[in-house]
Amino acid sequence: MIYVLEDLINGILMGSIYGLTALGLTLIFGVLKVINFAHGSMLMVGMYAAYWAVALTGVHPYLALVLVIPVMYLFGHAMQDIIIKPIFKAEKQVREPITVIIVTTGVWYILDNLSLLVFGPQYRTLQDNPLRGKMLEFGDIMISVPKLWGFAAAVATALAVYLFLQKTRMGRAIRATSLDREAASLMGINQYRIYNVAFGIGTATAGIAGVALVPFYNVFPSVGVLFDIKGFIIVVLGGLGSIGGALLGGMIVGVIESVGPQVMTATWTEAIVYALFLLVLFVKPSGLFGVKYDW
Amino acid sequence: MTRQQFQALSLGLVAAVVLALPLFVRSATYLHILILLYLYAYLTTSWNLVGGFAGVLPLGHATFVGIGAYTSTILSLQYGVTPWIGMLAGGLLSVFVGVLIGLPTFKMRGAYFALATIAFAEGIRVMVENIDQLGPLKINGPRGLQIPPLNFGLANFMFPGKEPYYYIIVTMLAAVLAFTYFISRSKLGYYLSAGGEEPEAAMALGVNVARCKLIAMAMSSFLTALAGTFWAQFTLYIHPKSVISLDLSFEIAFIALIGGRGSIGGPILGAIVLRPVSDICRIYFGDKLPGLHLIIFGVVLILVMIFLPRGLQEPFSGLYNKVADRLTSTVPRQE
């Protein structure tokens, strides 16, 4: 019984980090109405940035945030501005241009294989960082410290994004664009600038997730694919466009993955996650917690 | 020379070159590359039936390749059924699965449909990887199935050389092209492109869009599964990471999209342009620059989507029309 409790807690912690990786995906969908297939690759870039920042300077892993957040924001901003904007301009009348999915898939392939070329296929870990393998003990229950920090980062980031969207002028403009881009344009909002900002923020949250993962997770070129597919599942589970839904969806997936192996072979849990995803897709495509315009 | 004659002449010329190629290409490596090129052209043309004409974005077609490969291989290894019958059985099973996937998903909007097909394909891959034995059927999980090259001959769909495979895949490709041409000129083809471009308008005119898409999906999954059997018999080794992989699903879609979805020549053009790129990269730069061909794919994909949204076939067919006009009549062609 105690094991189930331990698995449950660790599942929720890891799941919240999954949710953090999916946060940008849901934000970008909410505003641009496109699924960014390159989001996992963005996470991979963020992980490499964090890894190298720490490995080369030897600072505390979480200090990498100072570098990773602005770099990733600019990266996402530039990607939307250079690659995705021309397609939006060409397909103005389409609400959910499929072409953008295809283009972001192209970006995914380029980024993943570029990092394979540059960094090689080997798995990298931050060997002697202060958080590695650190555990908190509560009686018989062991909780991983870096995952606990990841949980805190996920909740803090979600809260920060939520408050930004609710309380600031830019946040209001983003919400207006996501509701109705034509009407927002008529009110004097430059929709392409909003897209740039939303893409930048979404990418920056992937960077935060990368920093949270690096102390205990391997970094390798195709690491993004793992989180990409998981991210799609999480955002649909939680409701595309819903920030709280992304966190909750992530926790559901995390709990299935950690508690599942108690009763079945570990690899089968993956199939259960897919089955749950399809079930939600067919029964309630707006997701478990998603209201159509949640924010 | 009339235009019909010109078309027949160029078609005959292409057919003659394709059929005569093995007489000149003696190297097994290049023959192998050519066979893969035709195989991919076949796969993308089959994908195009639903991904191109029906205007949706299926990203899980490797499922059907896998079903075809596994069905015929299990039947021939365990029950001694010739792969030709297994091919048909795999196709029928694939239709069943394709309709099962299509029924709930075709109601969804663009992004959701793409995600649902990915989830289906990955779910099936995970299941195959986790099952060693399904009732009496030996699936062998992640280790895959090997076909021992013992009984050569047409009946066993197994040959010591590569030439027979070449002619089989050329025949299959020609058949699927003729079929696509026939569909594109049929009522169903018009319904499909109407439903793909303006679903509301098509439905208002009384077209049952969902049913047309389902028919297209059934045909596409059947044809894709046949290629799966060919793949198994050609490589004699299948495993979940090769025939049911996400990479294969994406590659099929990419090639068709770069070539030009919704046109007959587009997917083939895509395969002609991109397959050699990927093979040459793998042969000559595989050890030094791994993944180079995928970077090229990605760059070409983005450039084509931004600058030639209708695919590479657009400039090519424009060129063809110009040449044809110059050579055939002096009367300007009626558009």
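In chain B, α11(B) and α12(B) are roughly perpendicular to each other, a term that applies to angles of 65 to 115 degrees, because their axes cross at roughly 110 degrees and come within 7 Å. Axes here are lines fitted to C-alpha atoms, for helices over the stretch in contact, with angles running from 0 to 180 degrees between N-to-C directions. The model is predicted, so that local features need pLDDT of at least 70 and side-chain atom pairs count only at pLDDT 80 or more, while totals for chains, interfaces and linings use all residues. Residues are numbered from 1 along each chain as its sequence is written, and chains are lettered from A and ligands numbered from 1 in the order in which they are written.

Where α11(B) meets α12(B), B:I255, B:A256, B:I258 and B:G259 face a set in α12(B) that includes B:P267, B:I268 and B:L274, two residues being in contact if their C-beta atoms, placed from the backbone, lie within 7 Å. By class, this contact has eight nonpolar, three polar and no charged residues; Ala, Val, Leu, Ile, Met, Phe, Trp, Tyr, Cys and Pro count as nonpolar, Asp, Glu, Lys and Arg as charged, and the others, Gly among them, as polar.

Turning to the neighbouring chain, 33 residues of chain B are in contact with 37 residues of chain A. On the side of chain B that touches chain A, the elements giving two or more residues are α5 (110–130), α11 (246–259) and α13 (292–307), and the largest share, 14 residues, comes from α5(B).

Technical notes:
Helices (H or I, at least four residues) and strands (E, at least two) are DSSP runs, numbered from the N terminus. Angles under 35 degrees count as roughly parallel, over 145 as roughly antiparallel, 65 to 115 as roughly perpendicular and the rest as oblique.
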